[in-house]
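Please find below a short report on the structure shown here.

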Protein chains: 2
Amino acid sequence: MVKRNPHFLNLSESYLFPEVMRRVRHYQQNHPEVELLSLSIGDTSEPLTRSATLGLLNQAEKLGTREGYKGYGLEQGEFLLREKITEVFYPNLIDPDEIFVSDGAKCDIGRLQLLFGQTAALAVQNPTYPVYVDTSTVVGNRSISYLPCTPENGFFPDLSKLADVDLLYLCSPNNPTGSVITKPQLQDLVSWAQSKKAFIIFDAAYSGFIQDPTLPRTIYEIPGADEVAIEVSSFSKLIGFTGVRLGWTIIPKKLRFENGHPVHKDYTRFVTTFFNGASVIAQAGGLAALSLEGLEEMRQMLAFYLENASLIRQELQRQNLTVYGGDNAPYLWVKCASKPSWDLFQTLLEKTGIIATPGIGFGSQGEGYLRFSSFGSRPHILKALERIRTAWPQDW
Amino acid sequence: MVKRNPHFLNLSESYLFPEVMRRVRHYQQNHPEVELLSLSIGDTSEPLTRSATLGLLNQAEKLGTREGYKGYGLEQGEFLLREKITEVFYPNLIDPDEIFVSDGAKCDIGRLQLLFGQTAALAVQNPTYPVYVDTSTVVGNRSISYLPCTPENGFFPDLSKLADVDLLYLCSPNNPTGSVITKPQLQDLVSWAQSKKAFIIFDAAYSGFIQDPTLPRTIYEIPGADEVAIEVSSFSKLIGFTGVRLGWTIIPKKLRFENGHPVHKDYTRFVTTFFNGASVIAQAGGLAALSLEGLEEMRQMLAFYLENASLIRQELQRQNLTVYGGDNAPYLWVKCASKPSWDLFQTLLEKTGIIATPGIGFGSQGEGYLRFSSFGSRPHILKALERIRTAWPQDW
């Protein structure tokens, strides 16, 4: 008699985005004539950069030759790629041995759950990327605090509410609010973690979008963070690798469990047991994208998406809406009305054909908000702007 | 104060193959002049087939164009690939909706652990692929039975020992013994699972090596298996995708937990939450490899490895060794001497420079055995044969 993992009962029926797509499909079936425009899931739209593409092609071609063929890569990732990631994103901050290359940040967040067992007390921002909560729930974590991050507190959690927290999940630039944690704020958080011997899981998947040079792009800019923080990051939004699948997680060697055991050691055992490395083709693409030429192409692509964000923000503001984010992040967090988010989602879909993401999908503090993503080709975005201009629900 | 996942304490220090490599590196440092020859980890050596390579190249190139770019794929895998897998491997046996494409069989075995919680009573073959036990241990499963599979019982477990088992892991063709479960045996196992309402996790990652047409290549050849069995499989050994990463798992819609809840539903929730799909490039390569031309190339590559296996077996038999497997599987299971396997491993390394895998790494019944893998180029294999011929330890 095989029993269900009982923790699945504590999950909502479906993960947010499949639920969005389910409702969209239902609407489209009844209105096949409407051309829908998605500003929902954070899915990249621009073709891969030339450098990344060449890196992928070269590796695929090599695998077809006797001299170039290789089988299993290292579970932790190719050394050259880890070295390059260090050089580009963490110079003098971390060591290549502390990087674990993976098939993406979302997958890594799932993997991290099994490092900590079921008794850790967690805290997440509210609103939050739902994967932190859902993956924690599946492994049996029940103690989850939701820290309001709203316009009133500048989207920054109240540290005094963190008394009994072991693991704090932070996302900056934030999904969904588009806010970015400042350096002084991050210093306070690291100090808090040091004093409480807590860990911070820092999701930096959108750090490539940071334009303001005073804002921290990695938590390891803060001295001492390597004793308290794990950072998760990704090539998905940096170079459009959402479908190619490539990310990384940093486990500093100084990070220790309360009994002094190095977290790095358990994670090494974990990835060699549960994982077989990211695709060597994806890794070659990522490496090529971090060449000097590749970095310039990446910069241009990120600037393009930020221009999209700026265009959307301006149009929404013309509708007298309050809009957060979008200057150092690809997401806009839009206060729409004091109506349930799923109603906002549905009304927007029906009036404009635009798919946004209901704020409530990210937590109770998301009620009344919609998240707009700025990923999309320019014609796609311009068409969405036109719809916003001409068909935005005026009764909100 | 962050605690370690306590279940890590129940794991051995390191996963088998990193431990093999650690000892090999140590030996090589002291003997840099020796050319080592690995017949250890089951890692493919032959270049990708032309069809697979073209599939990868076409997809990578498309991603670099505006018309061909796509971002996230479906978490469950591209529909065309699931349809093709069904057509080639499971005609009239399962439905494409029951296939979950992934980044490999090892990763899928890890994922499956979280479906069942911690209370399931497991059974594995002894010897066994260590990942079943290690991944179960990490999630907190403590009830694990080890079913002896030895020459005395034809490497087939004693069903009467399965009284209180919920989940039975079976690997056929077997890693490490190279044995294959026959159709009548598999029928008995399915009947057992039906009567006990237990599940079978059937690892068919090596089924492509089966030459004997009477041997089952999938558990779904047995009527009723779709009510009791999950099958895990992989492109790794079929087309040399060990580094490219592509596999699949089948969760039949008829499979139900004891409370009637469909396993398929929980696994769908799981993959959408913990996973983001296999690389779309790898998926395109896999799809191309299942074309008519690709299948013929695959057949030739598998035949090549089986020829390697046959050559190694003949040479070992000339040393008066008892050799199992290798006719419908890429592994040879070799009874060497009544010495500890790690000593056999070390002596063989020192006398011949050949790296084998110590049988004890697969379980207590592996003591006194070495596993030889038949992956390797022909010159590599011929060189190994020469070493076996001239330098095999005669005092065993």
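**Chain A**

The model is predicted. Chain A contains 12 helices and 13 strands. Its radius of gyration is 21 Å, close to the 21 Å given by the globule rule for 396 residues, so chain A is as compact as a globular protein of that length. Taken along the principal axes, the C-alpha atoms of chain A fill a box of roughly 60 × 55 × 55 Å. Of the 396 residues in chain A, 65% are buried. When contacts between residues at least 6 apart in the sequence of chain A are considered, 71% join residues at least 24 apart.

**The interface of chain B and chain A**

In this interface, 79 residues of chain B are in contact with 78 residues of chain A. The buried area between the two chains is about 7000 Å², and carbon and sulfur atoms give 59% of that area. On the side of chain B, Val2(B), Tyr72(B) and Arg269(B) lose the most area to chain A, together 12% of what that side buries.

The elements of chain B that give two or more residues to the side touching chain A are helices H2 (50-63), H4 (105-116), H5 (130-139), H8 (263-274) and H9 (280-289). H8(B) provides the largest share, 7 residues. By class, this side of chain B has 34 nonpolar, 25 polar and 20 charged residues.

**Salt bridges**

Side chains of opposite charge can pair when their charged atoms come close. Over all chains, the structure holds 44 salt bridges, and 8 are found across the interface of chain B and chain A. The table gives examples.

| Salt bridge | N to O distance |
|---|---|
| Glu46(B) and Arg66(A) | 2.4 Å |
| Glu19(A) and Arg22(A) | 2.9 Å |
| Asp158(A) and Lys161(A) | 3.6 Å |
| Lys70(B) and Glu78(B) | 2.8 Å |

Glu19(A) and Arg22(A) both belong to helix H1 (residues 16-30) of chain A, where they lie 3 residues apart, about one turn of the helix. Glu19(A) has 15% relative accessibility and therefore counts as buried, whereas Arg22(A), at 45%, counts as partly exposed. Lys70(B) is partly exposed, with a relative accessible area of 32%. Salt bridges with shared partners also join Glu315(A), Arg318(A), Glu386(A) and Arg389(A) into one network.

Conventions
Residues are numbered from 1 along each chain as its sequence is written. Chains are lettered from A and ligands numbered from 1 in the order in which they are written. This is a predicted model: local features need pLDDT of at least 70, side-chain atom pairs count only at pLDDT 80 or more; totals for chains, interfaces and linings use all residues. Side-chain values use heavy atoms; hydrogens and water are left out. Contact means heavy atoms within 4.5 Å. Buried area is the accessible area (1.4 Å probe) that two parts lose on being put together, summed over both. A salt bridge is a side-chain nitrogen of Lys or Arg within 4 Å of a carboxyl oxygen of Asp or Glu. Helices (H or I, at least four residues) and strands (E, at least two) are DSSP runs, numbered from the N terminus. Ala, Val, Leu, Ile, Met, Phe, Trp, Tyr, Cys and Pro count as nonpolar, Asp, Glu, Lys and Arg as charged, and the others, Gly among them, as polar. The radius of gyration is taken over C-alpha atoms; the globule rule is 2.2 Å times the number of residues to the power 0.38. Buried means under 20% relative accessible area, exposed over 50%, partly exposed in between (1.4 Å probe, protein chains only).
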